[in-house]
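Welcome to this guided tour! Please open the structure in your viewer and get ready to select a few pieces in turn.

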Amino acid sequence: MSSLACDEEGEENLGDCEVIPPGDWVEHVARYVTLNSRHAKGYPSFKWKTCFLKPFQKNISLAQKEVAFYKKIWSTAYPTPSFFPKFFGICSRDQTGCRFIKLQDIEAPFLNPCSIDIKLGTRTYDEEASIEKISREKLKFPYQESVGYRIIGMKVYDKKSGQYRLFDKSYGLSFNDKNIPHALLNFIFDGEFFRFDVLEKIIEKLLAIEKWFSEKSPYRFYGHSVLIVYESDGCCNSDSVNMDQYVRPLPREHSCVDVKLIDFAHWYESEGGSIKRDESSIKGIKSLLRSFQWVESLVKSRAYTENT
Ligand SMILES: Nc1ncnc2c1ncn2[C@@H]1O[C@H](COP(=O)(O)OP(=O)(O)OP(=O)(O)O)[C@@H](O)[C@H]1O
Ligand SMILES: [Mg+2]
């Protein structure tokens, strides 16, 4: 494997860079890759063992910001909430090659992961954004402010066809502030059934994130995402709806659902004792929770009518 082309621009002061020989690097295709993604522009991410290697941004100060955030949360004296991916430093394939942020691969514990990337917040431009940047961001999804989130992409395993169904950015953008919860229905539909079992766990984990944002977080994020992953090849053994006859339980060591926050190129921290709450993320996560709760009640009521 040859070294990768790099387009890093700007100052660099990011500390040690670990060189990992290219042997075990596996190119990661997010399956719902879109035209604007770095992958499509020739800067792919990679998987290496149980790590996710995220390529540096062209604008190196953004990579720097993201690295600084991960260093900060993983070096604090307080326990870091489990909804942040673990951070293992910076790496590259050789001395001169492109650099990557080495993170915990959130999908690693799953056999056949289904995942959705949801950009969170009523605004996706940061506190120093120029007027041009603000209008560019606002144009991307006119309902961002009222909805508080948008779907960037998702992949869902279809048991009937044995293939992934892929939904890119255009899928998320085809919904509006009235019907966007419907977009989530496809995320939990496996071709035959709606996955009630994962819904309960997704909601539980989103509630924990919402509580942290509302009560504890000293940070404000912009342009970050919630990455939700669940296992397509089994169930979560939920007692809420008896689906046992339809689904195969997972071996205990495999994960069932994980929900993490990712993508931290734009963050701020409250200074001087008083915390400025991240209202953009709080509204976004509350809205996302309401949408999943709506999906849950809809799916449960359908199951009820189908079973009686
Ligand atoms: N820690 C992780 N583990 C597994 N997958 C991840 C992880 N972080 C990111 N990803 C995957 O990579 C995608 C892009 O990651 P991220 O949002 O951090 O970068 P980005 O700056 O938006 O990149 P791009 O410009 O390529 O969209 C996510 O949608 C997700 O599929
Ligand atoms: Mg992103």
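Select residues 196-215, which make up helix 6. This helix lies across strand 11 (225-231) and strand 12, and its direction is at about 35° to strand 12. Keep in mind as you look around that this is a predicted model.

In what order do the five strands of the open sheet stand? The order is 9-8-7-11-12, and the pairing is antiparallel. Colour strand 9 (163-167) and strand 12 (257-262): they stand at the edges with a single partner strand each, so one side of each has no neighbour in the sheet. On average, neighbouring strands of this sheet are turned by 15° against each other, direction ignored.

Zoom in on strand 7 (residues 113-120) and strand 8 (residues 149-158), which run antiparallel and are joined by six bridges. To see a bridge pair, select K119 and its partner in strand 8, R150. Strands of a sheet pair through backbone hydrogen bonds.

**Last stop: the nonpolar core**

Select I118, I202, V226 and I228 together. These are the residues with the most contacts inside the largest nonpolar core, which has 59 residues. Helix 6 gives this core its largest share, seven residues. Domain 1 (17-104) and domain 2 (113-307) each supply at least three residues to this core.

Which residues does I202 touch, leaving aside its neighbours within four places in sequence? I202 is in contact with I228, V257, V259 and F292.

Definitions and conventions:
Residues are numbered from 1 along each chain as its sequence is written. Chains are lettered from A and ligands numbered from 1 in the order in which they are written. This is a predicted model: local features need pLDDT of at least 70, side-chain atom pairs count only at pLDDT 80 or more; totals for chains, interfaces and linings use all residues. Two strands pair if DSSP finds at least two bridges between them. Helices (H or I, at least four residues) and strands (E, at least two) are DSSP runs, numbered from the N terminus. Axes are lines fitted to C-alpha atoms, for helices over the stretch in contact, and angles run from 0 to 180 degrees between N-to-C directions. Two residues are in contact if their C-beta atoms, placed from the backbone, lie within 7 Å. A nonpolar core is a set of buried Ala, Val, Leu, Ile, Met, Phe, Trp, Tyr and Cys residues joined through C-beta atoms within 7 Å. A residue is buried if 20 or more other C-beta atoms lie within 10 Å of its own, exposed if 12 or fewer, and partly exposed in between; C-beta atoms are placed from the backbone. Domain bounds come from an automatic or database domain assignment.
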